[in-house]
Amino acid sequence: MRAARLNHAKLTNARLDGAVLDQVWALGADFSGASLVGASLFQAQFQKADFRGANLSGARIAADFGGANLEGAKLRGANGAADEKNQSMGLMRASFRSADLAHADFSGADLSRADLSFAHCGGANFAGAKLRDADASGADLTGAALDGVNATGLDLDSARLDAGVVLAGAANAERARRP
């Protein structure tokens, strides 16, 4: 399905395990409850798409999920890290800018250099995830599980964090808002 145009498509509960969705345009598409285990979503556009309850575990997710709804989605071990080899094409990385990530499971995921700015991450599970040099400025991380996170360089400028949460190596932690 490489480079397919799926804008506003209804793919509710679709079984797309291992599918190649690289460079797909699926603006506002409905992937709620879909299974995309091990799929490749490289350089794809999913702005305002619905991934509620979807399973993207082990998927390559260097795509734009800006404003998308990933509430309760499973992204265990997903790879949204920047593609350092493709710099001539610009920084290819996962972008969840202003997305709803409430109760999503990112345990063990690689989100190095990902954009989580202004995302709602309440109750999300980032246990053991790599957030190295990611941007979480303005993100709401209250109630998020952050045990064992690699937060080296994670930008927390104006992010909301629970009182007492310490993320070693994070940048701008003193600018984070705490209740």
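How much space lies in the largest cavity? The answer is about 30 Å³. Before looking around, please note that this is a predicted model, in which local features need pLDDT of at least 70, side-chain atom pairs count only at pLDDT 80 or more, and totals for chains, interfaces and linings use all residues. Residues are numbered from 1 along each chain as its sequence is written, and side-chain values use heavy atoms, with hydrogens and water left out.

Rolling a probe the size of a water molecule over the atoms shows where empty space is left. Here a cavity is a set of points, on a 1 Å grid over the protein atoms alone, where a 1.4 Å probe fits but cannot get out; lining residues have an atom within 4 Å of a point. Grid points are joined across faces, edges and corners, and the volume is the space filled by probe spheres set on them. Searching the whole structure gives 1 cavity of 30 Å³ or more. Around the largest cavity you will find L116, F126, L131, A136, L141, L146 and L154. This lining is made up of 7 nonpolar residues, with no polar and no charged ones; Ala, Val, Leu, Ile, Met, Phe, Trp, Tyr, Cys and Pro count as nonpolar, Asp, Glu, Lys and Arg as charged, and the others, Gly among them, as polar.

In the largest nonpolar core, which has 61 residues, F96 and F126 touch the most other members. A nonpolar core is a set of buried Ala, Val, Leu, Ile, Met, Phe, Trp, Tyr and Cys residues joined through side-chain atoms within 4.5 Å. Buried means under 20% relative accessible area, exposed over 50%, and partly exposed in between (1.4 Å probe, protein chains only). In soluble globular proteins, nonpolar side chains tend to be buried together. Leaving out residues up to four places away in sequence, F96 touches several residues, among them I61, F65, L70 and L116; contact means heavy atoms within 4.5 Å.

A151 is another buried residue, at 2% relative accessibility. Beyond four places in sequence, A151 touches L167, A168, G169 and A170. From A151 to A119 there are 32 residues in sequence and 17 Å in space, C-alpha to C-alpha.

Now for charged side chains. D105 counts as buried because its relative accessible area is 13%. Its side chain is joined to that of S107 by a polar contact of 2.7 Å. Such a contact is a pair of N or O atoms within 3.5 Å; within protein, one must be able to donate a hydrogen and the other to accept it, and residues adjacent in sequence count only if both atoms are side-chain atoms.

The whole structure holds 6 salt bridges, each a side-chain nitrogen of Lys or Arg within 4 Å of a carboxyl oxygen of Asp or Glu. One of them joins R160 and D140, with the closest N and O atoms 3.9 Å apart. Is D140 buried or exposed? With a relative accessible area of 15%, D140 is buried, whereas R160 is partly exposed at 38%. Another salt bridge links D157 and R175 at 3.5 Å, N to O; D157 is partly exposed at 22%, and R175 is partly exposed at 47%.

Finally, look at the backbone. S98 has a positive phi of about 60° although it is not a glycine, and S98 is partly exposed at 43%. N172, also not a glycine, has a positive phi near 60°.

Key. 1 Å grid on protein atoms, 1.4 Å probe; cavity = no way out; pocket = protein on both sides within 12 Å on 5 of 7 lines; lining within 4 Å.
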